[in-house]
Amino acid sequence: MAARTAARDGTSTVARHIATVAARLFAARGYDATPVREIVEAAGVTKPTLYYHFQSKEGLGHALLTKPLGDLLDQLAGILASDLPARELLAAIFEAKFAFCREDPDRARFVYALLFGPLAAGLADEVERLGCALESTMVAASTKLAEAGAISAESVAECASACRGMIVVSTIDYLYKGRELDAGLASRLVDRLLEGFALRAAHPSVEESGR
């Protein structure tokens with residue numbers, strides 16, 4: 001009975017293999033455009049095997065979406081509840097989202113296709129819920145920056161949007177253009193966000209040099 005439960009909650013070796021293959025196909029072709037027949041052929045399993053582990057194509061989609069993003073949201077909540085200084089906290093959130101993409105690029109491409117592409121049959125409500133939850137983490141982190149005096153209270157929404165933009169562009173460059181998400185990128189991006197890109201120390205302004 002324990003083995004059957006493990007298989008049906010998507011944790012068995014066969015279930016993980018099916019999910020890996022499905023993520024690659026969903027990312028490349030789109031969720032709605034990928035039939036179950038194509039998934040089982042690519043995975044080398046039968047339809048009953050897929051249905052045993054995931055009950056349906058929609059169940060497979062949820063297994064690739066709900067639990068991984070739920071785990072990520074739990075991780076982000078832990079970071080937000082920590083005693084990290086606001087700047088380090090924001091960098092940790094950036095890094096958690098980068099790590100999610102590094103861990104399984106095909107799964108991340110599938111998630112991005114759902115978040116930014118056409119609505120997927122049977123998954124639209126869950127995508128909206130998870131997308132809103134991810135956005136709220138950036139607002140919460142930006143609020144902590146304001147509370148720490150790193151940004152003004154009036155700029156929380158703009159800061160959250162800028163953070164999301166930096167994360168999305170960096171991860172898209174990684175997922176689709178082969179650029180690296182190196183270990184120090186999260187901290188560098190947060191530094192640039194909060195301090196700007198100008199080389200003030202090396203190239204003082206006219207006003208500064210005339211003082």
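Which helices are among what covers the buried residues of H10? Keep that in mind as you open this predicted model.

**Stop 1: helix H10**

Select residues 185-195, which make up H10. Then highlight Leu185, Ala186, Leu189 and Val190, which are buried. These residues sit on the same side of H10, because they cover an arc of only 130° around its axis. Now show residues 86-103 and 156-177. These are helix H6 and helix H9, and both belong to the cover over the buried residues of H10. Step past the end of H10 to Gly196, where phi is positive, near 85°.

**Stop 2: Phe26 and Phe110**

Turn to the aromatic rings. The model holds five aromatic pairs. Select Phe26 and Phe110, a tilted pair with 5.1 Å from centre to centre and 35° between the planes. Phe26 belongs to helix H2 (residues 13-29) and Phe110 to helix H7 (residues 105-116), so this pair ties together parts 84 residues apart in sequence. Both residues are buried.

**Stop 3: along H7**

Stay on helix H7 and pick Tyr112 and Phe116, which are four residues apart, about one turn of the helix. Their ring centres are 5.5 Å apart and their planes are at 75°, so the pair is edge-to-face. Tyr112 is buried, at 13% relative accessible area. Phe116 counts as exposed, at 54%.

**Stop 4: charges over rings**

Go back to Tyr31. The charged end of Lys57 sits over its ring, 4.6 Å from the centre. Finish at Phe100: Arg107 lies over its face, 4.4 Å from the ring centre.

Terms used. Residues are numbered from 1 along each chain as its sequence is written. This is a predicted model: local features need pLDDT of at least 70, side-chain atom pairs count only at pLDDT 80 or more; totals for chains, interfaces and linings use all residues. Side-chain values use heavy atoms; hydrogens and water are left out. Buried means under 20% relative accessible area, exposed over 50%, partly exposed in between (1.4 Å probe, protein chains only). Helices (H or I, at least four residues) and strands (E, at least two) are DSSP runs, numbered from the N terminus. The arc is that of the directions from the helix axis to the C-beta atoms. Contact means heavy atoms within 4.5 Å. Rings of Phe, Tyr and Trp (its six-membered ring) pair if their centres lie within 6.5 Å; planes under 30 degrees apart count as stacked, over 60 as edge-to-face and the rest as tilted. A charge sits over a ring if NZ of Lys or CZ of Arg is within 6 Å of the ring centre and within 35 degrees of the ring normal.
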